[in-house]
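Please take a look at the structure below and keep it in view while you read. We will go through it step by step.

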Amino acid sequence: MDLQFLSSTPTDDERAAVDAAVAGQAPSRDLLLPALHAVNDRVGWISQGALNHICRTLEVPPADAYGVASFYSLFSLVERPKRVVHACVDLACKVNGAERLTDALTDAFGPASGKTGDVTWLRSPCLGVCERAPAALVFQAGEPATEQLLAPVASEALVEVATLGPSTVDVPTLVPQQGDGGLRLLKRIGVVDPTSLDDYRATGGYSGLRNALLLGPVGVIREVSDSKLMGRGGAAFPTGRKWDATARQPVRPHYLVCNADESEPGTFKDRVLIEGDPFALVEAMTITAFATGCAKGYLYLRGEYPKALHLLENAIAKARERGFLGENIMGHQGFSFDIEIRRGAGAYICGEETAIFNSIEGFRGEPRSKPPFPVEQGLFGKPTVVNNVETLVNIPLILTEGCEAYARIGTAGSSGSKLFCLSGNVRRPGVYEVPFGATLGELLELAGGVPEGRELRAILLGGAAGGFVRPDELDLKLTMEDARAAGTTLGSGVVLVLDDTADLGGFLLRIAAFFRDESCGQCVPCRIGTVRQEEALHRVVGGKKLSTGGDDLLVLREVGQVMRDSSICGLGQTAWNAIESAIDRLGALEKPLERGKRA
Amino acid sequence: MTAIDIGLPRRLVEFELDGEPVRVPENATILDACTAAGTKIPTLCQGDTLQPANACRVCMVEVEGSRTLVPSCSRKVEPGMVVRTDTERTKTSRKVVLELLASATDLSTTPEVKGWLEETGAEPERFGPPAPPSDDRDHRQPGEHEVPDGMTAATVRQPVKVDNDLYVRDYGKCILCYKCVDACGDQWQNSFAITVAGRGFDARISTEFANPLPESACVYCGNCVEVCPTGALSFKAEHDRRENGTWDEERQTETTTICTFCGVGCNLTLHVQDNEIVKVTSPHDSSVTHGNLCIKGRFGWQHVQNR
Ligand SMILES: Cc1cc2nc3c(=O)[nH]c(=O)nc-3n(C[C@H](O)[C@H](O)[C@H](O)COP(=O)(O)O)c2cc1C
Ligand code: SF4
Ligand code: SF4
Ligand code: SF4
Ligand code: FES
């Protein structure tokens, strides 16, 4: 290809960052995202010279690379301060006083997105630490870049860290149920050293893979199918069926993608799993690859999860050292597999199962049209298994205890246990593990219910793409089938609790803003529909009317219906769910919403 | 994409279209079948020389068993499929998609759309009066936006980009159909001068860093203008005449001839108004060009008019 590049040249720093990121690898387009990260990490933004150097190195047209870089919210294409504070303003943090943080940041450093001075700050979508809301992430570009997550954080402390710069403080990852003998997925969290492969093995680690190697790929798929495991990423697709369809594809290679992009507001279970038990995910991916014939796995990790990144890097390196990754794994002749981590860069949509392929390949993270499905043509056009972190972490359990024992947990329609992310107005927020079939009320009780003296007002189930349920629906059994029958969804396991102090109108407006911000922009119903939804919601919540006097609830309904019917992907298709359920299930929005009683 | 049909017999697939049994060659899209059956489906992002982008969603139809509506421009017909083009659901979808587009975009030069808006009963005004044009669309950061008050409807209105002598970019008319990007990129021109940048409602067609076209990789083939369905891209000669009110398609003739610059032999269609060439296109079904030309054929006609 005869590409035309820019005349701008990189600085020494920019050149060094790019060269280090691609060192030892054949130049190819899929290194674009890592190369952009390298520059943004070292310099804090991506200049014309830096982009041009990336393009020359990887033979990517500059316009294309610009299209990719400008897709991600963690990158800046204009100069800005090296220190960036990402203050979470999403659902759980909003309920827990995020506004106090943003007010303090405005006082200290001026309005958001400033381009001058030593510090700038941005409003961030959910940072995935809702159990410790309100949260902020302080990022400092440099060699190496450093990050500090502050959660929960008070205004003064945040301004202080923002002024002085981030330092590495290790906050242990804990779960409220720690020590409960019934824990399965969470049993190692906070109990074993997440950096130690020996600890992992001493607590049963790698016995699943050992059994898998004895069973052979067909046997493993049979176990997983018979376990009736369903995907935990939100769509609840039977995992065995997905694996079987991929394994049968004659085309090689096959790829495995672990979806650790966790960006659904209110979701933080995958982060907790990775931070507390990273080797389990590595083992699970290895078993999956063995069963489905994948030679390579990509672990697509959210860009805002620095601690998870370091622990995974460590786990993968140690597994490789000890023959649990690489060639002839665990002495099994002919079974080779390795894992590469890819960092996301601030785009919820990249968790969609085909957008994730485009993102890894170095294209804009736009979902692809289906069919063809990933099992036929996925990453690099090859048959691909995409699974969520929590789904995968079930695999070693199935392979150690057997599918029958596994399937006995839970209900006939929903086997196993499920992680729920409790946050909002709840006494003991965190990730909880319960067998499918527990009721919403029981789960809420585990977490201590709403704070003293408050009254439960509503629960957002399943995340921004999920729906609200009422206080009189607490006997809802938490299973895929019961949720469906009740016209709601468990989604990614979000249980966000709102009490009578919560500002429901503001909460709905945040959901609408989230979808507008995160739409990839590819299709009209979602690109423009999410904007019209937000605008109409502002009118309804604020008790305003257009001079044309139309019925804004009807506008919301029609736009919502068409987003659901005609959008390309699940983002647009679900962008109206929560608001619809607030209207139909909570009876909200009938008259202008007042702010919460005590807020 | 060659037009040479080597005549391999294609199997026929039978399916149901609006209650009637229909047979089409395998690999046909639902849209192909509709066109053959005389059922009109509006399309915008579909291009006769390009792969489907699936982006505009005006062509959606109902397929039995599908949770969502499906884009007829790209979905292939399968045996036994039951397709309906004219249900309440498809009508609502078409109306709202057109309303959304019309509320955000200047569609004054998009052919046919006026009729569709009327047919579907679209009322783009119900989203509120259009917000004033903005000049920062090229530099918006993904993942953030100004909090709206709901009293105006956000639009893509913005200043027209006139930064070269050959063609004009009026992105206030752009529906983001991806056609220009595909034509400039690996589907035809391989120049990769333009891309979709940004995200969501702030997504836009752009060069790298929104640099002016003369600093970009553009070779002025005009193939993007050829496929643009909205007039967001137009030849400068056309743009200037539209501006001063002298553009008049009624008075234009079209003559297809062969380009004399080189031996490839591209078909040129000369659009002539008042004895002056005002635009050069190329027939999309030409097996030589598929509608594509180079700068010489597209723009190298001034000498003809030196009188
Ligand atoms: C907009 C959008 C975002 C998504 N984000 C995630 C995510 O962050 N993590 C995830 O596992 N699945 C996510 N999904 C679901 C995936 O598309 C896919 O269904 C899932 O990764 C499949 O894995 P599973 O079968 O193990 O659940 C998302 C879907 C959509 C539509
Ligand atoms: S529904 Fe939204 S996020 Fe999904 S492809 Fe369309 S514009 Fe992109
Ligand atoms: S004129 Fe040709 S090279 Fe220039 S942007 Fe259009 S298609 Fe690309
Ligand atoms: S400029 Fe024209 S061809 Fe390009 S995306 Fe916009 S409407 Fe489509
Ligand atoms: S014509 Fe089918 S989606 Fe645009």
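What follows is a short tour of the ligand site, the domains and the contact between the chains.

This is a predicted model, in which local features need pLDDT of at least 70 and side-chain atom pairs count only at pLDDT 80 or more, while totals for chains, interfaces and linings use all residues. Residues are numbered from 1 along each chain as its sequence is written, chains are lettered from A and ligands numbered from 1 in the order in which they are written, and side-chain values use heavy atoms, without hydrogens and water.

**The ligand site**

Let us begin with ligand 1, which has 20 residues around it; a residue counts as near if one of its heavy atoms lies within 4 Å. The ones that come nearest are G233(A), K242(A), N387(A), N388(A) and T391(A). The table shows polar contacts, meaning pairs of N or O atoms within 3.5 Å.

| Residue | Part of the residue | Distance to an oxygen atom of ligand 1 |
|---|---|---|
| K242(A) | polar side-chain atom | 2.9 Å |
| E353(A) | backbone N or O atom | 3.0 Å |
| N387(A) | side-chain N or O atom | 2.8 Å |

On its own, ligand 1 has 610 Å² of accessible area, and the protein covers 90% of this; such areas come from the Shrake-Rupley method with a 1.4 Å probe.

Which element gives the largest share of the shell around ligand 1? That is β8(A), with three residues. Both β8 (384-388) and α22 (570-574) of chain A supply at least two residues of this shell. Here helices (H or I, at least four residues) and strands (E, at least two) are DSSP runs, numbered from the N terminus. Sorted by class, the shell holds five nonpolar, nine polar and six charged residues.

**Domains of chain A**

Ten residues of domain 1 of chain A are in contact (heavy atoms within 4.5 Å) with 13 residues of domain 3 of chain A. These two domains bury about 920 Å² between them, 51% of it on carbon and sulfur atoms. Buried area is the accessible area (1.4 Å probe) that two parts lose on being put together, summed over both.

**Where the chains meet**

Finally, 62 residues of chain B are in contact with 64 residues of chain A. The two chains bury about 5,200 Å² between them, with 55% of it on carbon and sulfur atoms. In chain B, the residues that lose the most area to chain A are R126(B), R199(B) and F209(B), together 15% of what that side buries.

Definitions and conventions: A polar contact is a pair of N or O atoms within 3.5 Å; within protein, one must be able to donate a hydrogen and the other to accept it, and residues adjacent in sequence count only if both atoms are side-chain atoms. Ala, Val, Leu, Ile, Met, Phe, Trp, Tyr, Cys and Pro count as nonpolar, Asp, Glu, Lys and Arg as charged, and the others, Gly among them, as polar.
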